[in-house]
Amino acid sequence: MSYELWILTVGSLAGMTCGMVGCFLILRKLAMLADAISHSVLLGIVLAFLISQSMSGIYMLVGAAMVGLITAFLVQLFSSNGVQEDASIGVVFTFLFAVGVILISLYANDVHLDVDHALMGEITFVPWDLVQWWFLPPLPKAFLMLSIVFILNIIIIVLFYKEFKITSFDPQMAAAIGIPVLLIHYLLMGMVSITTVASFDSVGAILVVAMLVAPGASAYLLTDKLSVMLVLSALFGVMAAVAGYYSATWLNVSISGSMASLNGIIFLLVFLFSPTKGLISKKLSSSI
Amino acid sequence: MSDLNLLQMILYDANTQWVLLGTMLLGIASGVLGSIALLRKQSLIGDAVAHAALPGICIAFLLIGEKSLVALLIGATITGLVAAYCIQFITATSILKEDTVICLVLSVFFGFGIVLLTKVSQSPAGNKSGLADFIFGQAASLVGNDVKLMAGTAFILILVTSLLFKELKLLTFDPAFAKGLGLPTKFLNFLFLTLLVAAVVIGIQAVGVILMAALLITPSIAARYWTNSLGKMIILSGLFGAISGMAGTLLSTFGRGLATGPFIVVSATLLFFLSMLFAPERGLVIKWMRRIKYNRKTKEEQILRTIYKNLEDCYLKSGLEECLVTTNAVASELAFSEKLTLTILGDLLKKGYLTQSGNEWSLTNEGLFKGYLLVMKQRVGEICLMHREEFNEEEQDQLTSKVIDKPTDPIAERIIYLLDQYNMKPAISPYEGKGLT
Amino acid sequence: MNPVEIKNLTVAYQKKPVLSDVSFEVPEGKLIGIIGPNGAGKSTLIKAVLGLIPKASGEIKIFGKNYNAKDKVVGYVPQRGSVDWDFPTNALDVVLMGRYGHIGWFKRPSKKDMELAMECLRKVGMESYSNRQISQLSGGQQQRVFLARALAQDAKIYFMDEPFVGVDAATERAIVDLLNELKKQGKTVLVVHHDLQTVKDYFDHVILLNMRTIAEGPTEDTFTIENLHRTYGGKLAFLEKDRVMVNQK
């Protein structure tokens, strides 16, 4: 596969994976938690490296999932102890992120991972970072990780679709009919963490947030059906990735930054022109 | 050179002194504004604003072509404000909730900033511009006029906030009322956002865009644990901000070359942990101890009440004053386990409230006083609930003691009358001789 | 065996008790009103029974056993304001959620579940709205969707939290018909209610609640001026004979 095609594939995979998970975050009003987790997984990656002394994908995924869950747990803990929820999100992720940055600077010589890379990703290197598994030909590591996480997420969403739906819509009713609301919550948090870490290499921590939230937000303004919202957000994720890549090469700027900007532009268009929930159609219908 | 000498050298260095002063003032300003933001539930807007400053910085640089701090800060302020207004506008006009919108605006603006940053680094002057330092902050490397600008701005922010304290307080506490008083709430909202954005913008150099939010949020929630008064909270929050600013700067200078932001954030978070655990009144340790004590006390009171009510029932049915209550009756009525019931009964026995004869219990004279008081309190509480417009529920303790100690007081008389009306007057009174009602 | 038995239930938020020593039993196959002023702990009572909030002490028995959602004997209609109606889903889908407890893990709703959900929508007169996005329904229609969802749960006991709040006359009628239908089928329904005017018409049995149980029993004997006074105290104002209303001041 050509260099360009690899980048497009990886970008689109990241866009789809993030977009679908992001829908549930938006519906559960947990978008900021995604922001928090995407920052704090940095600590997970550093710790995974310091403990295992390797940059192997599996350790990274495990480390990130753990720190992601810890983030969600700490936020819950502080907000049940009288801290406003948004403020407790702010405290937790800044602290964990700060510790991650300090660890990186302290062990800067050993860690083959610089902070800029973690933040902004380096999708241009993706096609060269190859690994070989089993009978497969050498494939880009980011591609393999994203594919695994993508398939895993799809399986989880399909298997637990109705549980995700009811716990998002009416958690009290869900609890009353015996659905383990907390378990589903942490399952989702786990998905966010591994999605974030798999996308990390290619798009970086902060742009993961754009990929998580923007496609879902755009899709939400276009449909009244959860299943359609999931599909649409995956579609928007791919669109932003592809268009982002081409505009980045055209303007010669950061690819991941450009993908995030394209996500913003798609949202802006939907926000203005959505036939039912767009600003313009609302203005028109209220003036008639 | 020993560490101590290094520390001394750092402290005597003129530039370091300025940097320390700057981060201290910055800490105060962001602590103060952060606590108002916290109470307005706008904590994370600061986070979005900080991220949104990045494109502003880059645009200013691209326009001017050199690193003029004033210009960069103006650029950052403008995009920061635009982001804040985008959040308010999109939240108000769509079905999306505020947290989604904050997240969206934050990440898209930052992504756009990264795009611009790559453009900057391609420009001839941009290569060495050091704009990337804005992402994590590098207070120690700040020099001369930059620091003075930061310190000066922080000072102005503190001054403006303290001058407008009472207006901002009203705007936070009750915006509708503020409007009714004729305060220009829209302008005040704008002014507050501008102050917040300015604090974020000057903080970016020291703490960086990603961690700036912590300087707004963490000191203020730490301060929240210590006090309920807005004034005190703001002062404390400023103090915590100042301490973390200085401690973080010293730590990072000490480690030479380490970014300042993370250390400031870690210092602030440690202060938060300490506050959360050990603050008097609201600290977790105190609360936890109090809860254990309270649970125990509630259970003791429940048992005393139950015994009293059983004796009361028995008296009303049979006219007998010397009834006994079995352990089982108490346990099953309260749905306590037998073991728990026996432990608490034992405690009450030791305190001299109960008499025991085998498996059966009655109240001592002292226990009767206590049980009567508890039952009276419960029933007076119910009267308060039923006649909220007449009595304040919060005062039920004072009302109860009035009813018992000064039954001739008009309020007490009214309550006693109501208790009689509803057949709720405790039937066995230790005051008027047993059984006399 | 009584469907619901509660003994000395105490629930506290922070240090303040919301329910203290509440005890009552309800008979099977009756419509039961839970009546009391604002802040009396009516919703809290339901949530505590369903295990949604922890109890400080006391005992709750459903058909003689501790509550277990897996027994599927209890249906719940939360307050309408407790969910986000902008959620991307339609009326039929919400009703189908009532079947989720029965369907079990990993399985999708079957055709039979769909038919049952449609049937429940029909019972509340909402079958023509089955495809409507829920934010486009009126308040009363949303309430009826919630009721249909509870019906789909096919439970023996129903708890309904303020179903009559903010609904139109047609919905009120529909709810009343539904309650009577449930009663005919031998179900037990507990309804948190605050309109004193209609208590006598709607309920066989009442529980008067104000932090503790003030009185409970058949409506005729229990819903008396004296008991109402004990529940509402001075907030009660008299209208014509036999009719009472709460002074909202």
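I looked up burial in chain B first: 47% of its 437 residues count as buried. I note that this is a predicted model.

Next I checked the overall dimensions. The radius of gyration of chain B is 32 Å, whereas a compact globule of 437 residues would have one near 22 Å. Along the principal axes, the C-alpha atoms of chain B fill a box of roughly 100 × 60 × 35 Å.

I then turned to contacts along the sequence. Taking contacts in chain B between residues at least 6 apart in sequence, I found that 68% join residues at least 24 apart.

For secondary structure, I listed 19 helices and three strands in chain B.

I compared this with the record. The unreviewed UniProt entry places the feature "transmembrane region" at several stretches of chain B, among them residues 44–64 and 70–90. I looked at these two stretches in the model. Residues 44–64 of chain B are 100% helix and 0% strand, with end C-alpha atoms 31 Å apart. Residues 70–90 of chain B are also 100% helix and 0% strand, and their end C-alpha atoms are 30 Å apart.

Last, I examined one helix pair. Helix α2 (residues 14–39) and helix α10 (residues 185–207), both of chain B, have axes that come within 10 Å and cross at roughly 145°. The crossing of α2(B) past α10(B) is left-handed. On α2(B), the residues making the contact include B:Leu26, B:Ala29 and B:Leu33; on α10(B), they include B:Phe192, B:Leu196 and B:Gly203. I sorted the residues of this contact by type: eleven are nonpolar, three are polar and none is charged.

Note on methods: Residues numbered from 1 in each chain as written. Chains lettered and ligands numbered in written order. Predicted model: local features only at pLDDT ≥ 70, side-chain atom pairs only at ≥ 80, totals over all residues. UniProt positions renumbered as here; feature names shortened; annotations may be inferred. Helix = DSSP H or I, 4+ residues; strand = E, 2+ residues; numbered from the N terminus. Axes fitted to C-alpha atoms, helices over the stretch in contact; angles between N-to-C directions. Left-handed = near helix turned anticlockwise from the far one by under 90°. Contact = placed C-beta atoms within 7 Å. Nonpolar A, V, L, I, M, F, W, Y, C, P; charged D, E, K, R; others polar. Rg over C-alpha atoms; globule rule 2.2 N^0.38 Å. Buried ≥ 20, exposed ≤ 12 C-beta atoms within 10 Å, placed from the backbone.
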